[in-house]
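Please open the model in your viewer and keep the selection panel at hand. The tour moves from one selection to the next.

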Amino acid sequence: MESFGVRLRRAMDERGPLCVGIDPHSALLEKWGLPDSPDGLARFCEVTVEAFADRVAVVKPQSAFFERFGSRGLAILESTIRQFKNFGCLVLLDVKRGDIGSTVRAYADAYLEPSSSLYVDAVTASPYLGVSSLAPMFEKAAEHGAGVFVLALTSNPEGASVQRAVAADGRTVAQTVIDEISQLNGGLKPLGSFGVVIGATVGKTGLDMEKLGGPILVPGLGAQGGSANDLREIFPENVSAVLPSYSREVLGSGPDTERLRTAVDRVLAECRGVLASAGG
């Protein structure tokens, strides 16, 4: 199987550098005129598949918004993953899992093992028990051509107290995460399968990402305060690896399918323009 990095690079080249978050929280379901129930969730997902599956590189379902409906919600998540994949769209499951030993290995089996009904192209992971504690995820991903995006510097204000903290060697926690992920990618071309998550509202980071070698997921764009223009400031030397992620800015245009597609086309055009100019 091709590596996730190879598949992601091709998808971004063919469909454009864009990830759309699939975040069916209760307020959004209500805005769409849908009940806050498994039936409403299922209809929401049907519309997003119709609107996005054949036109965006990556979708990012937030697992928690499915898990809150129990087994029916997970069944809908499984179905939604399959449908997006059938259209050639990569699925990045936003689960932010992190643990040690047999537990993190079980998470890897759940999301990165092809025999699992929740098998996806990539997951998000939390490194705050130590990046090396995620080794079973990295190993499973490498074995089956999947990817892992590890939190490095997030947009939420609470994150700074941990992520910008300075360790004994003088590096921030965020820089340590980036450096360890860089080693996993090891110069793989055109893009490594292990990435980091850096929020769109963090401003100039002071981080050295030159050797990262993998993708950079950038949430927090649009309704959450970040703009496409911020990408130029945050990633002046890594633009080809940037995967901008929009959620509410796009989903707020639903439930009309054409309006959702128009929103996707608009934010994608903005990102392409900014990243192309930064790259030049």
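The stops below cover nonpolar packing and then salt bridges.

This is a predicted model, in which local features need pLDDT of at least 70 and side-chain atom pairs count only at pLDDT 80 or more, while totals for chains, interfaces and linings use all residues. Residues are numbered from 1 along each chain as its sequence is written, and side-chain values use heavy atoms, with hydrogens and water left out.

Select Phe52, Val148 and Ile198, which touch the most other members of the largest nonpolar core, a set of 77 residues (buried Ala, Val, Leu, Ile, Met, Phe, Trp, Tyr and Cys residues joined through side-chain atoms within 4.5 Å; buried means under 20% relative accessible area, exposed over 50%, partly exposed in between, with a 1.4 Å probe and protein chains only). Helix H12 (residues 257-279) gives this core its largest share, 8 residues; helices (H or I, at least four residues) and strands (E, at least two) are DSSP runs numbered from the N terminus.

Now centre on Phe52, which, leaving aside neighbours within four places in sequence, is in contact (heavy atoms within 4.5 Å) with residues including Val20, Phe84 and Leu260. A second, separate core of 17 residues includes Phe4 and Phe149.

Next, select Asp121 and Arg7, whose side chains meet in a salt bridge at 2.9 Å, N to O (a side-chain nitrogen of Lys or Arg within 4 Å of a carboxyl oxygen of Asp or Glu). The two residues lie 114 residues apart in the chain, and both are buried.

Finally, select Asp109 and Lys140, a salt bridge with its closest N and O atoms 3.1 Å apart; Asp109 is partly exposed at 35% relative accessibility, whereas Lys140 is buried at 15%.
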